Amino acid sequence: MRAWRELRRAASSALSSGDGAAPGGRPRRRAWETSLSPLERVRRLLPPEEAAAVGRCAAAPQVPPEERKEEEEVAAAAPLQAQVEAAGARPAPFRAGELALAEVRRKHNTTLKLMCRLVTGSVLTSPGGLLPHRDIIGQLPGQVLRTSAGARLLLRRPSLEEYVLLMPRGPTIAYPKDVSAILMMLDIHPGDTVLETGSGSGAMSLFLSRAVGPKGRVISYEIRDDHHNLAKKNYRHWRTAWEIGHMEEWPDNVDFILKDISTAAADMKSVTFDAVVLDMLNPQSALPVVHPSLKQGGVCAVYLANITQVIDLLDRIRTCKFPLLCERITEVTHRNWLVLPAKIKNCKSNKMVESQENIEEPPQKEYGEIHFQDQLVLKESEYNESLSDDTETYYSVPYVARPSYWQDAHSAFLTKLRKFQPLLS
């Protein structure tokens, strides 16, 4: 017992001396230095091949959290980018068979738009010269090309609005400004079923086709054979050009029917419409056939040329006691404006440009020019004279705004009718 105590006392003195050496001259290892890490313990339990793989993973360089987050975001965005490219979001070059729109700048800051179908071997004829279609095919939309006479043409794909304004037409089309108001009246959604009476040239059919989507359906009635064929042709041409240029199909969801709507009562019994559009000379004759198939609360939009027709329509609804309520009668107006740099003739800018605050403002006419503060004030006669003068000086400060000389004179009245459930007496 005494020997054991002396041995412990000797060991304590060795530790207090601070040499850290164990008997035999070897450095002493502390308890935490001899223990194994969790990874080492797991690796000793695994087979040699798997243990080697764990060792390689442990020896790989560690990526900082910030860089790891960026790599994860890039990896997550890669499938989305592939979907965008597959959907055709990036502009594709022009191909043979699709539509191209050429814009030519003309006098008085106007633009002439020419639409053509690209065919190898054909030529685009413009006031500024000729441009072969082979020079357009393969180019990206938005580029400026020169004609044989040196004029510049801006080439791009036409929008649906531009297509319906430039496509071949027989009867007067429903203009885009009126179509947009009609679509808001109808409040149609993808998947709805819509009835159209009066196919015309097919303008309204195209906009309705896009509004209801692939799962929707548009039924268009036309009584005249020439209008029926023209509407089908314009619709088919747009679908073909869209498929070539956008690498996806335009929905084939319009059924063109050559028949008088007033004799189609049997056809209306098997279908229920979410909305109805009447674009015909005598919509009163279609109401007895159409309104039973319109769903409760559905909207019937009537497109008429003058207010006298609207009065006759409302009188027919009142006398026949149709369950239709007139909610609104709208006339859509459209006015183009030009905002141009003012042109000063043979004069220095410091003498002509005066502050609007120091000039007594003349009375403005209804269609007069609007002049901005701290900018030049020109009379209409002086402005027109400066347009035709060859010696012109441009300044960056003054601007003048006025309505365009070329206005859309077309006007129509839109009548919104809503079907309701009559009270039972």
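Twelve salt bridges turn up in a search of the whole structure. A salt bridge here is a side-chain nitrogen of Lys or Arg within 4 Å of a carboxyl oxygen of Asp or Glu. Side chains of opposite charge can pair when their charged atoms come close. The model is predicted, so local features need pLDDT of at least 70 and side-chain atom pairs count only at pLDDT 80 or more, while totals for chains, interfaces and linings use all residues. Residues are numbered from 1 along each chain as its sequence is written, and side-chain values use heavy atoms, with hydrogens and water left out.

Start with Glu 98 and Arg 157. Their closest N and O atoms are 2.7 Å apart, in a salt bridge. Glu 98 sits in the loop between helix H5 (65-86) and strand S1 (99-105), and Arg 157 in the loop between strand S6 (152-156) and helix H7 (160-166), so the pair ties together parts 59 residues apart in sequence. Helices (H or I, at least four residues) and strands (E, at least two) are DSSP runs, numbered from the N terminus. Both Glu 98 and Arg 157 are buried. Buried means under 20% relative accessible area, exposed over 50%, and partly exposed in between (1.4 Å probe, protein chains only).

Next comes Lys 113, which forms a salt bridge with Glu 162 at 3.0 Å between the closest N and O atoms. Lys 113 lies in strand S2 (residues 111-117) and Glu 162 in helix H7, so this pair joins parts 49 residues apart in sequence. Lys 113 is partly exposed, at 34% relative accessible area. Glu 162, at 10%, counts as buried. Both belong to a network of salt bridges that also links Glu 103 and Arg 156.

One cavity of 30 Å³ or more is counted. On a 1 Å grid over the protein atoms alone, a cavity is a set of points where a 1.4 Å probe fits but cannot get out; lining residues have an atom within 4 Å of a point. Grid points are joined across faces, edges and corners, and a volume is the space filled by probe spheres set on the points. The largest cavity has a volume of about 60 Å³. Glu 98 and Arg 157 return here, among the lining residues, along with Trp 238 and Trp 242. Helix H10 (residues 225-246) gives the largest share of the lining, five residues.

Finally, turn to Glu 331 in strand S12 (residues 324-331). Glu 331 is partly exposed, at 41% relative accessible area.

Notes
1 Å grid on protein atoms, 1.4 Å probe; cavity = no way out; pocket = protein on both sides within 12 Å on 5 of 7 lines; lining within 4 Å.
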